[in-house]
Amino acid sequence: MSARPGKVFFVRFVWAVAAFVLATVMIGAGIAQRTIFQGPKTETTAISVEEQTPYLLIDGAVLNQMPGTQTLRAQTEGDIFASYGRTADMEAWLSDSTYTHVTLDDEGGLETAVVEPEVDATADPAAEAPSDDPAAGDAAADDATGGEDAAETTGRTPVGSDLWLDEYQQTDLLIAPLQLPEGMSVLVAADGTAPAPSRVTISWPLQTSTPWAGPLIVAGGILMAVGVFLYILGIRHARRKRGPRRKGLPLPVTEPIDIAIDHDDDKGVISSSKPTRRAVSSGGRRAFAVLPVVAVSALLFSGCSADAWPPLGSSPTPSPTATVIAPDGQQAPAVTKAQAERILTRIAATVADADAAMDGDLADTRLEGAALAARDTNYKLRGALGDYPAPAPILAKPLEIILPQAYDGWPRSVIAVADDEESKTSSIMVLTQQDQWSDYKLSYVGSLEASTSLPDLAPAYIGAPQVEPDSPFLLLPPNEVAAAYADVVNKGEQSEYYDLFEADGDQLRASITADRQRRLDEFNKTASSTGTLEFSSAAGVQAPFALQTVESGAIVAVNINEIDTVKPTNADAVIKVNDNRTVKTLAGVDQSQSGFATTFSDQVFFYVPGPGSNEKIRLLGYSSDILDAKIL
């Protein structure tokens, strides 16, 4: 019986030691997985360039040779530029330049090649030089063949091109995080003239998850706590059995052992303060023994990231959404939504500067066609008439709708709709890029009707093909819409096209009719006996543009001119425009014996359905500006 307490203590001590050892092994194994056994976290490939060129084009296959995001690092002295976009677009932009192309060979290794610009073999540059100046002829030939001197002077900066999906600029060291899909490439350069950075690397994160590190560390911490608990129980049990015992004086059955040992009474039991001090000190040691275990376990637990645990639960099932599939053979969309928003922001900023300075040349960098013509007239009027109102600003954000043309070549266009939350208005616009080196320019802009509902459009990531101007697959070909609508404005219900256009909600037609009647009434009050005022409408000079909708219809943008003609009815009469400062400023005179013609330019957007549809041609939006006034 006397050996039993020692045996119990020994067994508990053995289990405690075993728990300590096993916990140490488990925690050590978990930490080792996160440190010495984890391996490298990234894989890096260095791009070595032997021959220096102004541009370095890294093919998308190089970027996607390993899974995961890519990190581009380029280092050189001075400014460093990097951009990414569709591979075909970047190669087109570089088609007239010398550049280094980095691709993958058949074995998966990096391959660099210098690509020379395309040269028109039919041209004879030497023939253009004067026969008596052979040096000039040699220089012209050297320029055409991409000589060294020409390469130094014909560099083109890649900064700010509308062709890029995004771009980066840093000094001395450029670090760009990327996540490019197939078909994308990266362009690295300095300024388009200096050599591109030669120290370029691409890094990918490696999958270094350790799913058992977390469970091992946490389980080891729990096992260590169990070991500490067993050890404390063993010590406590042994201390309760400690001390002298007398067979003749058994302790009361109901009295706790600790009290019997520590109680000082008249029965001769030895009592002192040492056991009490031991109890207090041992309890403190137990508290200090448990605290480090809990603290270490909590610290290790908090240091375990998600990749230190096995995947728990199931991944969420995506909800089904409507899928739009691009037709076979359809080309890529001209721009992405983010790219279009950036382009439109640049256009809006440039046009705002041009409006403030009344600078037609600056406006010409971002406007063309009917939109530019309206701005030029406005600048002329504001320069002469200080209180003449400035044109409405170009809306850029938020970009609500974008319908890019699905086309790999040039010119390529985009239809965009932007909202102005402050004024509660919306604008519909056509942006066009004439070639790969040009900026997008705004050619059509109009305000959307408040109650306008746009037809169903293809998503931006698919785009829509352009409808040919003479396409027979619409209710009216796009190149006939402007003339037909002008005829309806002129003749009303007598027009042969009247039944093709929806009259309900057509605010443009209603406003033209009301304005003409008002002006005619005012003219007849004073000049009905000496002159005539006639109104007419006709198709403008701006070519129409149309993109296909989902229902096989099209959004068509056209230009229509409204012409007001006033002329005298007898030889002695004179037409005076003293009260009309606008006509007086544009015509340059205040009276004429032959009369005046004033032209207003309308930029109009229609929805034209297909020939089998029951719908009519519907007005979507428009803008109207004075264009010109002249003497007949």
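Buried means under 20% relative accessible area, exposed over 50% and partly exposed in between, with a 1.4 Å probe and the protein chains only. The model is predicted, so that local features need pLDDT of at least 70 and side-chain atom pairs count only at pLDDT 80 or more, while totals for chains, interfaces and linings use all residues. Residues are numbered from 1 along each chain as its sequence is written, and side-chain values use heavy atoms, with hydrogens and water left out.

**Exercise 1. Describe the salt bridge between Asp515 and Arg518, and find the network that holds these two residues.**

Step 1. A salt bridge is a side-chain nitrogen of Lys or Arg within 4 Å of a carboxyl oxygen of Asp or Glu, and for Asp515 and Arg518 the N to O distance is 2.6 Å.

Step 2. Both residues lie in helix H14, 3 residues apart, which is about one turn of the helix; helices (H or I, at least four residues) and strands (E, at least two) are DSSP runs, numbered from the N terminus.

Step 3. Asp515 is partly exposed at a relative accessible area of 29%, and Arg518 is partly exposed at 42%.

Step 4. Salt bridges link Asp515, Arg518, Arg519, Glu522 and Asp564 in a network.

**Exercise 2. Locate the partners of the salt bridges Arg86 with Asp408 and Asp89 with Arg412, and say whether each residue is buried or partly exposed.**

Step 1. The side chains of Arg86 and Asp408 meet at 3.6 Å, N to O. Because Arg86 belongs to strand S3 (residues 70-86) and Asp408 to the loop between strand S9 (399-404) and strand S10 (412-420), this pair ties together parts that are 322 residues apart in sequence.

Step 2. Arg86 has 18% relative accessibility and counts as buried, whereas Asp408, at 39%, counts as partly exposed.

Step 3. The side chains of Asp89 and Arg412 meet at 3.3 Å, N to O. Asp89 is in helix H3 (residues 87-93) and Arg412 in strand S10, so the pair ties together parts that are 323 residues apart in sequence.

Step 4. Asp89 is buried at 4%, and Arg412 is buried at 0%.

**Exercise 3. Describe the second largest pocket by its volume, its lining and the elements that contribute to that lining.**

Step 1. On a 1 Å grid over the protein atoms alone, a pocket is an open set of points with protein on both sides within 12 Å along at least five of seven lines, and lining residues have an atom within 4 Å of a point.

Step 2. The volume of the second largest pocket is about 890 Å³, where a volume is the space filled by probe spheres set on the points, and grid points are joined across faces, edges and corners.

Step 3. Its lining has 30 residues, and Arg519, Phe523, Leu533, Val566 and Asn580 lie nearest its centre.

Step 4. Among the elements that give two or more residues to this lining are helix H14 (507-527), strand S15 (554-568) and helix H15 (581-587), and H14 provides the largest share, 10 residues.

**Exercise 4. State how confident the predictor is over the chain, and name a stretch where pLDDT is below 50.**

Step 1. pLDDT is the predictor's confidence in each residue, from 0 to 100; the chain averages 80, and 76% of the residues score at least 70.

Step 2. Residues 121-153 have a pLDDT below 50, and beyond near neighbours in sequence this stretch has 13 contacts in the model, a contact being heavy atoms within 4.5 Å.

Methods: On a 1 Å grid over the protein atoms alone, a cavity is a set of points where a 1.4 Å probe fits but cannot get out, and a pocket is an open set with protein on both sides within 12 Å along at least five of seven lines; lining residues have an atom within 4 Å of a point.
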